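Please have a look at it on the screen first, and then I will take it one topic at a time.

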Amino acid sequence: MSTVSDLRITLGGSERVVPAGTTAGQALDADGRSVIAARVNGELRDLAGPLRDGDAVEPVEIGSDDGRAIMRHSAAHVMAQAVQELFPEARLGIGPPVENGFYYDFDVAEPFTPEDLKRIEKRMREIVKQGQRFSRRPVSDAEARAELAAEPYKLELIGLKGAGPVQDAADGADVEVGGGELTIYDNLDAKSGELRWKDLCRGPHLPTTRVIPAFKLMRTGGAYWRGSEKNPQLQRVYGTAWESREKQDEYLRLLEEAEKRDHRRIGAELDLFSFPTEIGSGLAVFHPKGGVVRRVMEDYSRRRHEAGGYEFVNTPHITKGDLFEVSGHLGWYKDDMFPPMEVDGGDYYLKPMNCPMHNLIFRARGRSYRELPLRLFEFGSVYRFEKSGVVHGLTRVRGMTQDDAHIYCTKEQMGAELKNLLTFVLDLLRDYGLDEFYLELSTRDDSPKFIGEAADWEEATEALRKAADESGLDLVADPGGAAFYGPKISVQAKDAIGRTWQLSTIQVDFNQPKRFGLEYQAADGTRRQPVMIHRALFGSIERFFGVLLEHYAGAMPPWLSPVQAVGIPIGDAHVPHLEKVAERLRERGIRIEVDASSDRMQKKIRNAQKQKVPYMLLAGDDDVAKDAVSFRYRNGEQKNAVPIGEAVEEIVKAVEARVQI
Ligand SMILES: [Zn+2]
Ligand SMILES: [Zn+2]
C-alpha cells in the first residue's frame with residue numbers, strides 16, 4: 001500500500017515506490033564505497049540527497065568517468081582543508097578535477113616547497129582516515145558572503161553567479177557556483193558532527209573523506225586567478241587520485257615511462273631539433289640528424305601519394321586577408337591566426353590552413369567531371385597562434401608543415417573515395433610502425449551552427465560510417481563534435497605504452513565549395529558543385545615526428561634512424577677495413593659513420609647505444625682476415641664474423657622492408 005507521502009521513482013529502468021525522505025543512496029542501496037554518487041534525472045548528486053516524486057535514479061560507480069571526477073574533486077577539498085589547517089593564511093582559489101587527478105589554487109605569500117607538499121599530503125591522509133562527512137547546505141547569496149568574508153576569491157565567484165556565461169568551465173569557476181542554487185559543503189567530524197572545514201561548491205562529493213582509495217600530490221606551479229595575467233598569481237597544487245592503489249601504481253608507472261619517452265628530451269639527446277628562444281615559442285628548428293629523419297618521412301609519404309593518384313602543388317605562406325574573408329576563416333578562426341601585417345595598404349596573414357589556396361588552384365580554370373576525383377597534395381607550412389601555455393614540444397607548435405591534401409570529387413564518387421582514403425591512411429600509418437587504432441566519427445546534432453543540407457550531411461556521414469565499418473576498427477561516436485561545415489573521421493593511434501594520439505583526420509566540407517563557387521561540368525553538361533574532402537595523415541610532420549619518437553622511445557626503426565650503422569674498430573689498424581665496408585653500404589643508400597675517434601672501443605659502443613643506432617659493425621684482426629664484420633645490435637645481441645656481402649644485404653633488406661628491430 002502506498003500512501004500519499006510515498007514517492008514513485010524509477011530505478012534502473014523500473015518503477016519503485018519508496019517512503020518519503022528516501023535518499024538517492026538509500027534507494028540505490030549504495031555502500032558508499034563502490035557506488036559513491038547518484039545520477040538523478042541525468043544530474044549528478046550526492047548520495048545523501050533526498051529524492052522527489054518522479055525522480056529517475058542511477059548509480060555512479062567510483063571507477064566510472066563521473067565517479068572518478070567526483071572522487072578527485074573531493075580529494076581537492078581534502079587538500080584545501082589540509083593546506084588551510086597547516087597554512088591558515090592561505091586563501092582559496094578553485095579546485096576542479098582534471099584528467100588523472102585534481103588541483104587546487106591557493107593565494108599564499110611563498111610558493112610551496114617539496115617539504116610543504118609532504119606535510120600537506122600527510123595531513124590529507126589523516127583527514128581521509130577520519131572519514132569526515134561531506135555535507136551539503138544551500139545558502140543565500142548574503143549568507144555565503146558572510147560565511148566566506150575572509151575568502152576574496154570565493155566572494156568574486158559568488159559575484160559571478162547569475163552574471164551569464166562567465167562561469168566558463170575552462171577557468172574552473174563552474175565547479176564552484178554552477179547554475180543552480182548556491183551551496184556550501186561542510187566537512188563534519190564522523191563522530192561528533194562538528195564542523196571541521198567548509199568550501200563554497202556546487203558538488204557533488206563523496207559521502208565521506210574515507211572513500212578516497214589512493215591519492216598522491218604531484219607538483220606545484222604558478223597559475224593566474226581565472227587564467228588572466230592581469231590577475232594575481234596563485235600557487236596551484238596538482239594531485240592524482242584513483243579508485244584503487246593498483247590503478248594509481250599503474251598510472252605512476254605509465255607517467256615514469258612517458259617521461260623517459262618525452263620527445264623533447266630525446267630530441268635534445270639525439271641532436272634532432274631545438275626551440276631557440278630567439279625564434280620564439282612553438283617554432284622548431286631541425287638539426288641535420290632531425291632533418292634526415294624528416295626527409296625520409298616526407299620522401300616515403302610523397303612516393304605513396306604519387307602512387308595513390310595525388311598531384312603535387314605548392315602555395316605561399318602568406319596571403320592577403322581577402323582570401324580568408326572568402327573562405328570565412330577570418331570570421332570563425334581569427335583567434336587562432338597570427339595578427340596581420342600591413343603591406344601595400346592592405347592586411348596580409350600567415351596562413352593557418354592550405355585549403356583556400358588549393359581551392360584557387362581548382363578554380364584557376366574550368367573543370368570537367370573527367371578530371372575528378374582531383375587530389376591536390378602539398379607539404380604545406382601553416383602558422384597557428386597557439387597560446388604560449390599550451391605550446392608543447394613538437395606536438396603543439398605555432399609553425400608546422402602539414403601533409404595536406406584536398407580531394408574534389410562528385411557526390412557519386414564520395415563513398416568510394418572515402419573508403420579508399422581510410423585504407424590509404426591506415427596502410428601508411430602501419431608502415432611507420434603504428435598498428436593499434438580506433439576511429440572517431442564526429443557528426444552534427446540539432447545545433448543551428450551546422451550549415452549545409454541535412455540530406456548532404458546524412459549522405460556524407462553514412463559514407464564515413466560505411467568506410468569505418470569496412471575497416472573493421474572500433475568506431476567511437478562523437479555526436480555534435482563535427483565542425484560546422486561537415487562531418488569527419490579521426491584516426492586515433494595507440495603508442496607502445498598505450499597512450500592514444502589523434503593523428504589523421506578525414507573531413508567532408510560543405511562550406512568552402514560554396515563560398516569559393518567551385519564547380520565542374522558534369523557529363524550532362526550541367527555545372528555542379530564538387531564535394532570537398534580535407535585530409536592530413538600525419539596531422540603535421542612535426543607532431544608525427546614527436547609521436548614516433550615517443551612511440552619508439554627514440555629507437556627508430558632502421559629506415560627512419562638518422563644514423564643507421566656505426567663502424568667501430570677495435571684498434572686504429574681496423575679503420576681502413578671499416579671504411580671499405582662503409583663505402584659499400586653508402587653505395588646502397590645506408591647512412592653509416594665510422595668512429596675513428598681516439599675513444600676506447602667500449603666508449604664508442606656506449607656512444608652508439610646512447611644515439612640508439614640500430615647496427616654497430618665491429619672489426620678486429622679476425623674480421624679483417626676473414627673479410628667480415630661483427631654485428632652488435634641495438635638490443636645488445638651480437639653476431640660475429642659475418643662476411644661483408646652478407647652484412648650489407650642484411651642491413652639493406654631491413655631498411656627496405658621497414659622492419660622494426
Ligand atoms: Zn566541491
Ligand atoms: Zn583543408
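Let me begin with the metal site, where the zinc ion (ligand 1) is held by His73, His77 and His205, each through NE2, and by Cys201 through SG, at 1.9 to 2.1 Å. Please keep in mind throughout that this is a predicted model.

Why do we call the arrangement around the zinc ion tetrahedral? The angles that its 4 donor atoms subtend run from 92 to 126°, and that is why the arrangement counts as tetrahedral. Along the chain, the donors of the zinc ion follow the spacing H-x3-H-x123-C-x3-H. Histidine 73 and histidine 77 both belong to helix H2, residues 65-86, and because they are 4 residues apart there, about one helical turn separates them.

Let me move on to the nonpolar cores. The largest one has 83 residues, and the members that touch the most others are Met297, Tyr432, Phe544, Leu617 and Ile651. Helix H13, residues 411-431, supplies the largest share of this core, with 9 residues, while domain 3 (268-551) and domain 4 (565-656) each give at least three residues to it.

If we look at tyrosine 432 in particular, and leave aside residues up to four places away in sequence, its contacts include Met297, Phe538, Phe544 and Trp559. There is also a second, separate core, made up of 37 residues, with Val60, Phe106, Tyr185 and Ile212 among them.

Methods: Residues numbered from 1 in each chain as written. Chains lettered and ligands numbered in written order. Predicted model: local features only at pLDDT ≥ 70, side-chain atom pairs only at ≥ 80, totals over all residues. Heavy atoms only, no water. Donors = N, O, S within 2.8 Å, 3.2 Å for Na, K, Ca; no water. Tetrahedral: all angles 85-135°; square planar, octahedral: opposite > 155°, others 65-115°. Helix = DSSP H or I, 4+ residues; strand = E, 2+ residues; numbered from the N terminus. Core = buried A, V, L, I, M, F, W, Y, C linked by side-chain atoms within 4.5 Å. Buried < 20%, exposed > 50% of the residue type's maximum accessible area, 1.4 Å probe, protein only. Domains from an automatic or database assignment. Contact = heavy atoms within 4.5 Å.
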